[in-house]
Amino acid sequence: MNALYVRVLSFAFLCGLVIVAMATAAERDPLKPRVPEGDRAAAQKMKNPVAASADTLAKGKALYEGKGACIKCHGPSGAGDGPFGKNLKPSPRSLTNGEWQKSRADGELFWIIKNGSPGTGMVSLIPSDINEDEAWHIINYVRTLDAK
Ligand code: HEC
C-alpha cells in the first residue's frame, strides 16, 4: 500500500467515525449512574409508597403527559423524542430501554426527578412542577414504558 492510499483510507475511516458519533451523539452513557455516589445507596433503598394498579398507573400517565410535562422531552412512548427533547444535548433518556430500566431502582428515578441531572435539560421538578406523591405515580408509569 502506498502512503497516499493509506491516508485516503484513514480519512474515509475518520469520516465514518464522525458520522456514527453524530448519529449517536444523542444519549450520554445511559447506564452510567446519575445519582451521586454519596446519595446512591440511600436512594436505592427508598420504597415506592404508591402501589401500581390500573388507577394509579392511569394517574401516573396523566401526570407524565400533563402537569409533569415529561412528555415534552421524553416523548409519548418514552423514547426520548419529545418536541423539546430533540434540541437537547445530551438528549433525554429513552425510558423504553430495558437495560436502563433494570439498572435503576425506583428511588434513583425519584432522586433525579427531585434534584435533576446537573448540566443537562433534566432539571429538578419537585416541588416546582409536581409533588413527591405525584412523582411516585409517574415512576410506576415509567416502569410500563420498557419496550421489552
Ligand atoms: C426539558 C426536558 C425534560 C423534561 C421536561 C423532563 N426530562 Fe427527564 N431527562 C431529560 C434529559 C435531557 C435527561 C438526560 C440527563 C442525563 O443524561 O443525565 C433526562 C433524564 C431523565 C431520567 C434518567 C435518569 C437516569 O438515572 O438515567 C429520568 C428517570 C427522567 N428524565 C424522568 C423524567 C420525568 C419523570 C419527567 C417528568 C416529571 C421528566 N424527566 C421531564 C430532559 C427532560
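Colleague: Is His74 buried or exposed, judged by its relative accessibility?

Modeller: His74, at 12% relative accessibility, counts as buried (under 20%, where exposed is over 50% and partly exposed lies in between, for a 1.4 Å probe and protein chains only), whereas Met122, at 25%, counts as partly exposed. This is a predicted model, in which local features need pLDDT of at least 70 and side-chain atom pairs count only at pLDDT 80 or more, while totals for chains, interfaces and linings use all residues. Residues are numbered from 1 along each chain as its sequence is written, and side-chain values use heavy atoms, with hydrogens and water left out.

Colleague: Which protein donors does the iron atom of the ligand have?

Modeller: Donors are N, O and S atoms within 2.8 Å of the metal (3.2 Å for Na, K and Ca), and sites may look incomplete because water is not among the atoms. Here the protein donors are His74 (NE2) and Met122 (SD), which lie 2.0 to 2.2 Å from the iron atom of the ligand. His74 belongs to helix H4 (residues 70-74) and Met122 to the loop between helix H6 (106-115) and helix H7 (132-142), so the pair ties together parts that are 48 residues apart in sequence; helices are DSSP runs (H or I) of at least four residues, numbered from the N terminus.

Colleague: How do the axes of helix H3 and H7 cross?

Modeller: Axes are lines fitted to C-alpha atoms over the stretch in contact, with angles running from 0 to 180 degrees between N-to-C directions. The axes of H3 (residues 54-65) and H7 come within 7 Å and cross at roughly 100°, and these helices are therefore roughly perpendicular (65 to 115 degrees) to each other.

Note on methods. Helices (H or I, at least four residues) and strands (E, at least two) are DSSP runs, numbered from the N terminus. Angles under 35 degrees count as roughly parallel, over 145 as roughly antiparallel, 65 to 115 as roughly perpendicular and the rest as oblique.
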